[in-house]
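Hi,

Here is the structure I promised to pass on, with my notes below it. Have a look at it first, then read on.

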Amino acid sequence: MFHTVVAGVIAAITGFASSFALVIAGFTAVGATDSQAASGLFALCIATGVTCIVLPIMLRMPVSFAWSTPGAALLVSAAATTQQFGAATGAFLVCGALIVVAGLWPAFGRLITSIPKPLASAMLAGILFPICLAPVTASVQQPAIAVPMVIVWLLLARLAPRWAVPAAMGVAVVGIAIIAGPSVLDAPTVTPALQFVPPVFDPAVIVSLGLPLFVVTMAGQNVPGFAVMSTFGYEAPPRPVLVSSGVAGMGSALFGGHAINLAAITAAIMAGPESNPDPAKRWVATVSAGVSYLVLGVAAGLAAAIVQASPPIIITAVAGLALLGALVAAVTSALERADARIAAIGTFLVTASGIAVAGIGSAFWGLLVGGVLLLWLRPRRVRADT
């Protein structure tokens, strides 16, 4: 049982350390102040911790949750959409409500997950691509921090892949501390605090941010999360999983958080045999992860202060290293079907462009253009002579 508890702690630390910088950068990109960004991260830690504790105890299976990393990447790419964080939190609330609806109304959930896989994957790839370019750019603009960070990541990606991104983040933190000095500890956000963010329901922001956030959270996180659970022999019930994660996401949105979903990568740490030889006891690991997230939430203010003291390109570069695997998977999936490759590339290019038309961001337009291309270029059916 000791190893089971440790597996949950490792999963939580890995999930937090590998993506907290991306989450803060995403909040800042859509208009959050330093204190609002810290509050959003704190709220996500609480929401993730509570769901990781309550659901496994109820279901007696290692159902684990995390914040939406592709969703945070979407926020970074959606900087042109809005600079009013209240409008962003309104979109977050809509996303959470849609996840609840998907849990209560299975047909709606199936409709969303039936979006052609090449288009959904191409949209995700377009969101991730500019972020994954950042390590290259940072190595030129901030070589003193970025080059050692990339080298450490490369070494551990070969020797201990699970720790590659946290170690790269550690190198970045050391570099940032040297540059910023002890003044980081004097930042007003160091002490964690929840800050209510009054939501604003702007239709354009909901369409360009809320709907794509829902799609990438469902297709990019929840669907793979269910698949991981199935791989280890667990049939997680969709209704309680989606409803609880949607409600938790809506709760965190009131304080700046964006979305909660089933964990995928870190789920394998807790649901696999390395956690416990007995599948009936592995749920303890997810409870351990939940408690760890609540503890890590106390560090949310310090994490936000470190990110705010850093050159922005360094934070994006760390996120880029963390998302390389996701980019490879998304590109591979997008181009898997030969008959949909043009539509997928069209979706990718429009999404990656970062355009905003009529106040609506590129992720929505990418899906729209890809859908039109897919229908237009669909091979005609040849009727056989009778």
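First, a term: two residues are in contact when heavy atoms of theirs lie within 4.5 Å. Among contacts in the protein between residues at least 6 apart in sequence, 84% join residues at least 24 apart.

Before the rest, the ground rules. This is a predicted model, in which local features need pLDDT of at least 70 and side-chain atom pairs count only at pLDDT 80 or more, while totals for chains, interfaces and linings use all residues. Numbering runs from 1 along each chain as its sequence is written, and side-chain values use heavy atoms, with hydrogens and water left out.

**Overall**

The protein has 17 helices and four strands; these are DSSP runs numbered from the N terminus, with H or I over at least four residues for helices and E over at least two for strands. Its radius of gyration is 20 Å, close to the 21 Å that the globule rule gives for 386 residues, so the protein is as compact as a globular protein of that length. (That radius is taken over C-alpha atoms, and the rule is 2.2 Å times the number of residues to the power 0.38.) Along the principal axes, the C-alpha trace spans about 80 × 50 × 45 Å.

Of the 386 residues, 53% are buried. Here buried means under 20% relative accessible area, exposed means over 50%, and partly exposed is in between (1.4 Å probe, protein chains only). The protein exposes about 16,200 Å², and carbon and sulfur atoms supply 72% of that. Areas are Shrake-Rupley values with a 1.4 Å probe, and for residues only the protein chains shown count as cover.

Ala11 sits in helix α1 (residues 2-29) and counts as buried because its relative accessible area is 2%. Not counting residues up to four places away in sequence, Ala11 touches Thr266, Ile269, Met270 and Tyr293. Ala11 and Ala289 are 278 residues apart in sequence, yet their C-alpha atoms are 6.5 Å apart in space.

Thr286 belongs to helix α13 (residues 283-297). With a relative accessibility of 0%, Thr286 is buried.

Gln36 is part of helix α2 (residues 34-59) and is buried, at 14% relative accessible area. What does a polar atom of the Gln36 side chain lie 3.0 Å from? The backbone nitrogen of Thr33. I count a polar contact as a pair of N or O atoms within 3.5 Å; within protein, one must be able to donate a hydrogen and the other to accept it, and residues adjacent in sequence count only if both atoms are side-chain atoms. Leaving aside neighbours within four places in sequence, the contacts of Gln36 are Gly31, Phe85, Gln195, Val197 and Phe255.

There is also a nonpolar surface patch of about 340 Å², made by Val50, Val54, Met58 and Leu294. Patches take residues with over 30% relative accessible area and no salt bridge, joining like charges within 9 Å and nonpolar side chains (Val, Leu, Ile, Met, Phe, Trp, Tyr) within 5 Å. Helix α2 gives the largest share of this patch, three residues. Val54, found in α2, is partly exposed at 37% relative accessibility.

Arg60 is in the loop between α2 and β1 (65-67). Arg60 has a positive phi of about 55° although it is not a glycine. Most residues other than glycine have a negative phi. Arg60 is partly exposed, at 47%.

Seven of the nine residues of helix α3 (residues 69-77) are buried, among them Thr69, Pro70 and Gly71. At the start of α3, a side-chain oxygen of Ser68 comes within 2.9 Å of the backbone nitrogen of Gly71. Pro70 and Ala326 are 256 residues apart in sequence and 8.7 Å apart in space, C-alpha to C-alpha.

Taking a salt bridge as a side-chain nitrogen of Lys or Arg within 4 Å of a carboxyl oxygen of Asp or Glu, the count comes to one. The side chains of Arg337 and Asp339 form it (3.2 Å, N to O). Arg337 is partly exposed at 39%, and Asp339 is partly exposed at 46%.

Cheers
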